[in-house]
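Subject: Structure handover

Hello,

Here is the structure you were expecting. Please open it alongside this message; my notes follow below it.

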Amino acid sequence: MTRIAAVEKLPSLIQTEQTAAGLVLTLNVPASLVYFPGHFPMHAILPGVVQIDWATHFGRRHFGFTGRFQKMEALKFQAIIEPQQQIQLTLDYRAATGKLLFSYDSERGRHSSGRIVFADPAATSEHAS
């Protein structure tokens, strides 16, 4: 049951392309995701918070950073993402500043973009003491 729930929360990864700046992931957004039912009942759209979560998930997975979420910068939602849509998630992690830059694009243009700032794990440990 846990495996099914995980599948229903993530897009299908079609392709991963390494670029000079980072990664471009081609994703398919299945209609079976748990986020669509009840979110704008007349028209299913992918919530913005899920887009941020996916950027964080794939960023951690591919770049291996471990800092905790600190804040968002320059967050822009420009066009909706719908079920069965194919999108490209571009990720660039700047380790020196702890920033993950992301954008979602498709043949329709830019859907969203922003910067997620993560705290340095070492600094977080020191403050917790």
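Phe-65 is buried, at a relative accessible area of 8%; buried here means under 20%, exposed over 50% and partly exposed in between, using a 1.4 Å probe and protein chains only. The model is a predicted one, in which local features need pLDDT of at least 70 and side-chain atom pairs count only at pLDDT 80 or more, while totals for chains, interfaces and linings use all residues. Residues are numbered from 1 along each chain as its sequence is written, and side-chain values use heavy atoms, with hydrogens and water left out.

Aromatic rings. Rings of Phe, Tyr and Trp (its six-membered ring) pair if their centres lie within 6.5 Å; planes under 30 degrees apart count as stacked, over 60 as edge-to-face and the rest as tilted. By this rule there are four aromatic pairs. In one of them, Phe-65 and Tyr-93 have ring centres 4.2 Å apart and planes at 15 degrees, so the pair is stacked. Phe-65 sits in the loop between H2 and S3 and Tyr-93 in strand S4, so the pair ties together parts that are 28 residues apart in sequence. Tyr-93 is partly exposed, with a relative accessible area of 21%. Phe-63, Phe-65, Tyr-93 and Phe-118 make up one aromatic cluster.

Helix H2. Helices (H or I, at least four residues) and strands (E, at least two) are DSSP runs, numbered from the N terminus. H2 covers residues 48–63, and its 16 residues reach 22 Å from first C-alpha to last, close to the 22 Å expected at 1.5 Å a residue; the expected span is 1.5 Å times one less than the number of residues. Its buried residues are Val-50, Gln-51, Ile-52, Trp-54, Ala-55, Thr-56, Phe-58 and Gly-59. They pack against strands S2 (23–29), S3 (69–77), S4, S5 and S6, where contact means heavy atoms within 4.5 Å. Just after H2, Gly-64 has a positive phi of about 75 degrees.

Two strands pair if DSSP finds at least two bridges between them. S4 (residues 85–94) pairs with S5 in the antiparallel sense over seven bridges, and Arg-94 has Lys-99 as its bridge partner in S5. The two strands form a hairpin with four residues between them, and Gly-98 in the turn has a positive phi of about 70 degrees. S5 (residues 99–106) is mostly covered, with six of its eight residues buried. Eight bridges join S5 to S6 (residues 109–118), running antiparallel; Leu-100 is bridged to Ile-116 in S6. A hairpin through two residues links S5 to S6.

Asp-92. This residue lies in S4 and is buried, at 13% relative accessible area. The side chain of Asp-92 makes a polar contact with that of Arg-94 at 2.9 Å. A polar contact is a pair of N or O atoms within 3.5 Å; within protein, one must be able to donate a hydrogen and the other to accept it, and residues adjacent in sequence count only if both atoms are side-chain atoms. Leaving aside neighbours within four places in sequence, Asp-92 is in contact with Ala-21, Phe-63, Lys-99, Leu-100 and Leu-101.

Leu-13 and Thr-26. Leu-13 is in strand S1 (residues 12–18) and is partly exposed, with a relative accessible area of 35%. Thr-26 lies in S2 and counts as buried at 10%. Not counting residues up to four places away in sequence, Leu-13 touches Leu-25, Thr-26, Leu-27 and Arg-61.

Regards
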